[in-house]
Amino acid sequence: MKIPLVEPGTIGPCPVAPDALQGITRQQTNPARWNGAGWQDFVAALRAADVELVESVVACGVYATDAGGTAYGMPHGVVIARDAGQVSRLLKTAQACRVPVTVRGGGLTTEGESVAFGGVLLDMSGMSRVLTIDANALTVRTEAGIYWHSLAEELRRENLDYLSAPLNLTSSVGGTLGVGGIDVNSARLGCSADQAVSLQVVTPTGEIVECSDTENSELFQRVILGYGQFGVITEATLRIRPYTPLAMHYYYYSSLRAAIEDLQMLDRNDASDYSGILTIMDCAVNLLVAFDSDEREAAFRKHWESRLRGHGEFGFALCMLGHYAVRPWKLGEALYLLQRKQAVFPEFRRPEYLRAGKMHDRSVVFSRAVWKHWGSRQMVIPDLATSADKFIAAVERGNAICRKYFRHYTLYCVGIKLRPEHKPHYEMSCIPPDADGWAYGCEFEPMIEGEVYSRDHFQAFKNAIYDIGVDLGASYYRFGGMMKGYIRRVFGDAVVDRHLALKRRADPAMILNRDVIF
Amino acid sequence: MYSRAMPREFPACSGCGLCRLVCPMWRDHRDPRFSPEGLAKALQSGATALELAAPLAACSLCGACDPVCPEGIDLSGMIMDLRSRLPRRAELAALQAKLAQAAASAKAPAAGALLLPGADLRANPSLLARARTLLGLRSADDDGADIALALETGGDIDPARRRQLLGRLDGRSLVVGDGLLLAALRRWLPAARLHSLGEALSNLVAIRRRLASADFYVIEARAYHADYERLVVHYDRLRADTGCALNLDLQRIAIPALTRSLTRKSAPLGDEDVTQVRWMLKGLAPRRIVVESLADRAAFERACDIPVLHLAELAEDSMMKKETPHACG
């Protein structure tokens, strides 16, 4: 199959046809390297505009790849963001010189979205200070390059907390607002992007604009969940809440379907403050449920706990013992299960994070565990986001794909409460168009375990998961983003062309985060 | 998988950035080049030590990056190794030679547990005497000050000199005042019973009962991070027993009071240190600040008007005489 050449800023015909799922080269997010035309003139203009640009290999090498570890590219130069004015001057100059600018927060993308294939890499982590905390209005104003961990540290000093953030300490606020972000409380509080009250945005042409639902609302709608296409978020005002430690409960299932049904039952009935599923194996599925207050926990115990079909840890251990006692040929599986239990479970019960039986600083606990037990130089985490009624089918099909490609893998599932008033934000985003009330997300994460897999193997696996999304009319959330090659099939020509026209109007030279979507 | 026993090297860095979250150098510069991750990634791109001279000099070697690295990379070891490849300032080499000469002429200590006070405590004889009495320990004439300086500043350590020091210390129970030397001794004397000065003093009943919920207790960062898995439990108990606040971040990593780098080692306290101290105290209103390290005291005294005490100054004079010898067994 011949892939046609595509000019930057245009979207060519999709080479991934529905009837070509096997053995056909897929179009990847990774584009060809920008050819560097006019770079020296750009550098001179940038320096005249008093913007510091670093071009050494030592500086550029930091950004050679992202968390995915399969896309590699080097920028021509790096700018560390310091203030909105500097970002504005950079974008104005880049627009005039037609130099691509790739924006990076925590660099936790997995398809190379925060990797610069030439041009300028704008590192937002230089803008990472909390500006003001309003404990009465329960809002915080922060520079958008800040990591959620650093924000949590500042808020904790005033016994406050953010609403929801990815369970990953090095996600940045700006990056998360641009893609969605989920937490184990998203079934109650929505995706992380929904907590944004207002933003300071530098548009692709360099204007510094404040936007919210009531001020420059069209820009606000496009920037939130907009994959960095319509501006660089330099500051954000976020809703916050009083800090609470968590009372955690774990229930264990041997059926993924039963666990998902129970998860959705809890979400529908607002029965818990936190909920999510983490699998160890197909026959060992963990539903975690947690509470901010003793009252909520007591209500759960009274009304909902008995309706869950999962077991406690001891009860499940007995079930597994019985299961494997009559299946001695599955001893290896049983040993793997035991080994994972011994390695992972203590991470969630480290004494320094537990006080009076409650977990403190959950994001630290979860994130450390994620990096320690699932992290590696290649984080391969394709995901699917669907409406509630399609979720079980999506997860079961994705699980079958995982089984085909990897020996061991983990699934992480959560609900995402949707805010009806934010429907305009959700268009062409991680939120599937047919979701109502809740969307559901599942990450499919293979355990690499020291094995060596080819990049093609990983990519084929990811494509197979993404194909499910196309087939079901779903979307993709959090790490995965949307692969450029899939966007027309997922959202259809009418929506994509409308957004492309908006993008062209906002970014005439198509310089900002080129090739992520457009 | 993280393992202290088998630390990995810079090629294993995946760029997760967890080290940045706890790095005072990063907090000060907000530039990824000034972080362990930035250094490891630069090395992966073929950078030389000379090209990395600025961040290497800016690092305070607090060691906070080591326990948080999910790949188990010996990041502070990497930085010390890179420092050793940089041209060394003549006055540091001269000071190391002078300290080594003094150590060579020191008498071999009699058998038994020892206190290795380190340069800061040795420079304060009355506090050293107090710590010695409280712990019931003799202090070693040769406390490895030259080796501690070499570790910090990237100097060569003569193998014969190292053997001499280890020969004098092997098989003993040791309380070590210098956090960087303590971390090295853990590697060199794996069977030895080693404690930081802060841990040893904070184990004493006479000290513990003088700590209160209105105190802000400042853990010495280097010693803490070098033995994180064990000490996080120790300090968690200390907090639970006394109610005092500790200089721990969300990850229970000790925030160093000083961001003093190699280049600013002999300079007066700077604005960075004041900023760091203010960050540590943000949201707190302690009655007293209790420090394990004398180096931290000056920073607090400059940045705030809250009384600052060294841990050894907490015990009442009358209680000191009642302590049983050697609190670390």
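Here is a short chat about this predicted model.

Colleague: How many residues does chain B bring to the contact with chain A?
Modeller: Residues count as being in contact when their heavy atoms are within 4.5 Å. Chain A puts in 39 residues. On the chain B side, the count is 44 residues.

Colleague: And what area do chain A and chain B bury between them?
Modeller: Carbon and sulfur atoms account for 53% of that area. The whole buried area comes to about 3800 Å².

Colleague: Which residue of chain B meets A:Glu153 in a salt bridge?
Modeller: There are four salt bridges between chain A and chain B. To count, the nitrogen and the carboxyl oxygen must be within 4 Å. Here the N to O distance is 3.6 Å, and the partner of A:Glu153 is B:Arg27.

Colleague: Which helix gives the most to the side of chain A that touches chain B?
Modeller: Helices H2 (57-60), H4 (148-156) and H12 (362-373) of chain A each supply at least two residues there. The one giving the most, with six residues, is H4(A).

Colleague: Now chain B by itself: what is its radius of gyration, and why does that agree with a compact globule?
Modeller: Chain B has 329 residues, and 61% of them are buried. Its C-alpha trace spans about 60 × 50 × 40 Å along the principal axes. A compact globule with 329 residues would have a radius of gyration near 20 Å, so chain B agrees with its 19 Å.

Key
Residues are numbered from 1 along each chain as its sequence is written. Chains are lettered from A and ligands numbered from 1 in the order in which they are written. This is a predicted model: local features need pLDDT of at least 70, side-chain atom pairs count only at pLDDT 80 or more; totals for chains, interfaces and linings use all residues. Side-chain values use heavy atoms; hydrogens and water are left out. Buried area is the accessible area (1.4 Å probe) that two parts lose on being put together, summed over both. A salt bridge is a side-chain nitrogen of Lys or Arg within 4 Å of a carboxyl oxygen of Asp or Glu. Helices (H or I, at least four residues) and strands (E, at least two) are DSSP runs, numbered from the N terminus. The radius of gyration is taken over C-alpha atoms; the globule rule is 2.2 Å times the number of residues to the power 0.38. Buried means under 20% relative accessible area, exposed over 50%, partly exposed in between (1.4 Å probe, protein chains only).
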